[in-house]
Amino acid sequence: MTGKHGDVLFHLQTKCNQMTQAWTIREHRKRLGLSQRKLAKRAGVSFRNLQMWEGFESCPTIESLARLAVALGVQPSAILTRAPRAEWWNRLPPERKPAM
């Protein structure tokens, strides 16, 4: 789709992918009982980048995604495709929900 509607759909798809990755990274990190700092160190990525990924501010590069997957003990596809849990969204403060 091209034009205005295509741009909106692309933006929505990008935000959905970003949110899925953020939820999944955090969910796996919490399951292992790791803080953001500990996961960042284990994965060899910066603490600030991990904060931004979990905070819907950006997405990890392919290389960082691979490092995170190894550190979390999952396949990279598990981070890319896992659907977010609804209760997570409901607990998220309105100011943290990305504008669509």
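Reader: Which residues in the largest nonpolar core touch the most other members?

Author: Out of 15 residues there, they're Ile25, Leu39, Leu50, Trp53, Leu68 and Ile79. A core like this is a set of buried Ala, Val, Leu, Ile, Met, Phe, Trp, Tyr and Cys residues joined through side-chain atoms within 4.5 Å. Mind that this is a predicted model: local features need pLDDT of at least 70, side-chain atom pairs count only at pLDDT 80 or more, and totals for chains, interfaces and linings use all residues. Residues are numbered from 1 along each chain as its sequence is written, and side-chain values use heavy atoms, leaving out hydrogens and water.

Reader: Which helix gives the most to this core?

Author: H4, with five residues. H2, H3 and H4 each supply at least two (helices are DSSP runs of H or I, at least four residues, numbered from the N terminus).

Reader: Why is Leu72 called buried?

Author: Leu72 has 3% relative accessibility, and buried means under 20% (1.4 Å probe, protein chains only), so Leu72 counts as buried. You'll find Leu72 in helix H4, residues 62-72.

Reader: What is Leu72 in contact with, leaving aside neighbours within four places in sequence?

Author: Ile25, His28, Arg29, Arg31, Leu32, Leu39 and Ile79, where contact means heavy atoms within 4.5 Å.

Reader: And which residues does Leu50 touch, not counting those up to four places away in sequence?

Author: Leu50 touches Ile25, Gln36, Leu39, Ala40 and Leu68.

Reader: Where do H2 and H3 meet?

Author: Gln36, Arg37, Leu39 and Ala40 in H2 meet Phe47, Leu50, Gln51 and Glu54 in H3.

Terms used
Buried < 20%, exposed > 50% of the residue type's maximum accessible area, 1.4 Å probe, protein only.
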